Amino acid sequence: MRRRALSPVRILIMVLMLPVTTLVIAVGVYMRTSEFEPEEALIHLIALAGCKPVESLVPGPFLAGGPGYHLRNDPDGDGVACGTYSLPTTQNTSPQQAESPGRRAVGNAKFVRP
């Protein structure tokens, strides 16, 4: 009996299940303590991974203060994540004039010249 309880396979399975168990507990606690309804809280958690995973479940856009909105998913800072309400405007400026001299954005990262 003792040999079966301490088998290497059982110990390996228990060690590998620790992150899964921790994740399930953390998600459960967040869903109970969140200001959103349980379905909205789950959407808010999935939106942490980015726009594509959450938009595969629920179409965006997500407004500031609501479920699914995270500042990292709002690169232009207009309060709408994972989409926009207005059509993009076309600008007839050269690439050198389009960028401000001190800042440029690549994806969601913002770089500042020293």
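Predicted model: local features only at pLDDT ≥ 70, side-chain atom pairs only at ≥ 80, totals over all residues.

Trainee: How many helices and strands does the protein have, and what is their order?

Mentor: There are five helices and four strands. Reading from the N terminus, you get α-α-α-α-β-β-α-β-β.

Trainee: What makes the span of α2 close to the expected one?

Mentor: Set the two values side by side. With its 26 residues, α2 reaches 38 Å from first C-alpha to last, and 38 Å is also what you'd expect at 1.5 Å a residue. There is a kink in α2 too, about 35° at Leu18, shortly before Pro19.

Trainee: Moving on, why is Ser34 called buried?

Mentor: Its relative accessibility is 16%, and buried means under 20%, so Ser34 counts as buried. Ser34 sits in the loop between α2 (8-33) and α3 (38-46).

Trainee: What makes the pair Ser34 and Phe36 a polar contact?

Mentor: A polar atom of the Ser34 side chain lies 3.1 Å from the backbone nitrogen of Phe36, and the cut-off for such a pair is 3.5 Å.

Trainee: Glu35 is in that loop between α2 and α3 as well. Is Glu35 buried or exposed, and why?

Mentor: Exposed, because its relative accessible area is 70% and the label applies over 50%.

Trainee: Why is Ala41 called buried?

Mentor: At 0% relative accessibility, Ala41 falls under the 20% limit, so buried is the word. Ala41 belongs to helix α3. Leaving out residues up to four places away in sequence, Ala41 touches Tyr30, Met31, Ser34 and Phe36. Val27, 14 residues from Ala41 in sequence, is 9.3 Å away, C-alpha to C-alpha.

Trainee: Ile43 is in helix α3 too. What does Ile43 touch?

Mentor: Not counting residues up to four places away in sequence, Ile43 touches Val54, Val58, Phe62 and Gly68. Touching here means heavy atoms within 4.5 Å. The C-alpha atoms of Ile43 and Tyr69 are 9.5 Å apart, and the two residues are 26 apart along the chain.

Trainee: Which residues make up the largest nonpolar core?

Mentor: Seven of them: Ile43, Ala47, Val54, Phe62, Tyr69, Ala81 and Cys82.

Trainee: What makes a set like that a nonpolar core?

Mentor: The members must be buried residues of the nonpolar kinds, joined through side-chain atoms within 4.5 Å. Those seven form the largest such set.

Trainee: Why is Val58 called partly exposed?

Mentor: Its relative accessibility is 27%, which lies between the 20% and 50% limits, so Val58 gets the in-between label. You'll find Val58 in the loop between α4 (51-55) and β1 (62-63). Gly68 is 10 residues from Val58 along the chain, with 9.5 Å between their C-alpha atoms.

Trainee: Last one: why is Asp74 called buried?

Mentor: Because Asp74 has 4% relative accessibility, and under 20% is buried. Asp74 is in the loop between β1 and β2 (80-81). Beyond neighbours within four places in sequence, Asp74 is in contact with Tyr69, Gly79, Val80 and Ala81.

Notes: Residues numbered from 1 in each chain as written. Heavy atoms only, no water. Buried < 20%, exposed > 50% of the residue type's maximum accessible area, 1.4 Å probe, protein only. Helix = DSSP H or I, 4+ residues; strand = E, 2+ residues; numbered from the N terminus. Polar contact = N/O pair within 3.5 Å; in protein donor to acceptor, adjacent residues only side chain to side chain. Expected span 1.5 Å × (residues − 1). Bend = angle between axes of the 7 residues up to and from the residue.
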